[in-house]
Amino acid sequence: MKQEWLEGHRARKRFGQNFLHDQHWIGRIVRSIDAKPEDAIIEIGPGQAALTREIIACAGHETAVEIDRDLAAFLRTQFAPEALTLIEADALTLDWATVLEGKRLRIIGNLPYNISSPLLFALMKGAHRVIDQHFMLQKEVVDRMTAEPGSKTYGRLSVMLQYRYVMHKLFDVPPGAFVPPPKVTSSIVRMIPRPVESLPEVDLEVFGEIVAAAFQQRRKTLRNAVSAFLTEDEIRAAGIDPTLRAEALDVNAFVALANAAAAKKA
Ligand code: SAM
């Protein structure tokens with residue numbers, strides 16, 4: 001597929017612009033997404049269409065969300081409206097629950113690294129409409145997303161996302177694959193939303209609050225870190241050892257703590 005570039009476009013730092021230039025890596029990413037004509041694909045940050053071109057060649061059509069006005073104008077010159085539905089908007093403030101309404105989507109993107117965590121949280125709200133998500137992110141972020149209890153990188157992002165998604169780190173992509181090259185290595189992650197009926201019941205707000213509190217001071221034991229929600233005895237009654245630290249608890253243990261805290265509030 002012939003790649004064309006927007007002449008004279010200077011990568012905008014504030015939009016996290018690092019454009020994929022290396023056909024080997026573009027091919028590898030596109031093969032792992034494996035888009036089919038029946039798929040409804042939505043791409044976040046198509047940029048200069050490095051992935052977009054290949055995805056449209058496989059699926060025939062995609063919807064893309066791009067914030068940069070110049071890139072949006074360029075994209076309109078590259079694709080017929082039947083091939084690309086372009087939403088010129090900020091993916092962070094887009095009403096994802098509405099955009100995703102009534103569809104079963106596959107979401108992809110070489111994401112702007114400066115907004116990756118808030119974007120992942122925003123997308124969670126529409127996860128029940130999604131088949132899978134393939135994202136390129138900073139390797140360090142993917143390591144946190146996929147970390148297991150007990151590891152140094154296990155934290156709030158791991159617990160919140162693993163509650164909702166099964167995640168697989170696929171492979172790393174070196175800085176040299178991009179122009180301009182980022183300072184860090186990137187990784188591709190596949191996220192598959194868990195079926196809604198399989199999610200343990202929990203008040204998501206309380207869950208989020210207790211997970212945040214537990215990891216805010218990760219060196220503290222639970223009895224100290226979550227004392228604003230539960231006493232030591234209440235933690236024990238929820239089946240959790242209050243002398244543990246947050247990093248030792250799996251998602252289900254946090255669900256148990258959140259349910260105990262929610263029951264107390266009610
Ligand atoms: N997909 C292209 C590629 O792989 O070469 C570009 C990737 S670049 C890392 C990130 C892209 O996301 C840029 O095109 C940037 O303008 C866009 N972007 C940044 N912030 C955004 C936002 N809040 N909403 C939508 N797009 C955004």
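Modeller: Helices (H or I, at least four residues) and strands (E, at least two) are DSSP runs, numbered from the N terminus. This is a predicted model, in which local features need pLDDT of at least 70 and side-chain atom pairs count only at pLDDT 80 or more, while totals for chains, interfaces and linings use all residues. Residues are numbered from 1 along each chain as its sequence is written.

Colleague: Is Ile33 buried or exposed?

Modeller: Ile33 belongs to helix α1. A residue is called buried if 20 or more other C-beta atoms, placed from the backbone, lie within 10 Å of its own, exposed if 12 or fewer do, and partly exposed in between. Because Ile33 has 22 other C-beta atoms within 10 Å, the class it receives is buried.

Colleague: Which residues is Ile33 in contact with, leaving aside its neighbours within four places in sequence?

Modeller: Two residues are in contact if their C-beta atoms, placed from the backbone, lie within 7 Å. Gln133, which is 100 residues away from Ile33 in sequence, has its C-alpha atom 8.8 Å from that of Ile33. Beyond four places in sequence, the contacts of Ile33 are with Ile55, Ile108 and His134.

Colleague: Which residues does Gly45 touch, leaving aside neighbours within four places in sequence?

Modeller: Gly45 sits in the loop between β2 (40-44) and α2 (50-59). It counts as buried because it has 24 C-beta neighbours inside 10 Å. Apart from its neighbours within four places in sequence, Gly45 is in contact with Glu66, Gly109, Asn110, Leu111 and Pro112.

Colleague: Of the residues around the ligand, which come nearest?

Modeller: A residue counts as near a molecule if its C-beta atom, placed from the backbone, lies within 6 Å of it. Of the 24 residues around the ligand, the nearest are Gly45, Gly47, Ala91, Asn110 and Pro112.

Colleague: How do the residues of the shell around the ligand divide into nonpolar, polar and charged?

Modeller: The elements that give two or more residues to this shell are β1, α2 and β3 (62-66). Ala, Val, Leu, Ile, Met, Phe, Trp, Tyr, Cys and Pro count as nonpolar, Asp, Glu, Lys and Arg as charged, and the others, Gly among them, as polar. On that scheme, the shell around the ligand divides into 14 nonpolar, seven polar and three charged.

Colleague: What is the phi of Ala49?

Modeller: Ala49 is in the loop between β2 and α2, and it is buried because 26 other C-beta atoms lie within 10 Å. Although Ala49 is not a glycine, its phi is positive, at about 75°.

Colleague: Why is helix α7 largely enclosed by the rest of the structure?

Modeller: What covers the buried residues of α7 includes α5 (116-124), α6 (139-145), β7 (165-173), β9 (186-193), α8 (204-216) and α11 (251-265). Helix α7, residues 156-164, is largely enclosed because, of its nine residues, the number buried is eight.

Colleague: At roughly what angle do the axes of α8 and α11 cross?

Modeller: Axes are lines fitted to C-alpha atoms, for helices over the stretch in contact, and angles run from 0 to 180 degrees between N-to-C directions. The axes of α8 and α11 come within 9 Å, and they cross at roughly 115°.

Colleague: Which residues of α8 and α11 make the contact?

Modeller: α8 passes α11 in a right-handed crossing; a crossing is left-handed if the near helix is turned anticlockwise from the far one by less than a right angle, and right-handed if clockwise. By class, this contact has 10 nonpolar, no polar and no charged residues. From α8 it involves Val206, Phe207, Ile210 and Val211, and from α11 it involves Phe254, Val255, Leu257, Ala258, Ala261 and Ala262.

Colleague: What is omega for the cis peptide bond that joins Val179 and Pro180?

Modeller: Pro180 lies in the loop between β8 (178-179) and β9. The peptide bond from Val179 to Pro180 is cis, with an omega of about -10°.
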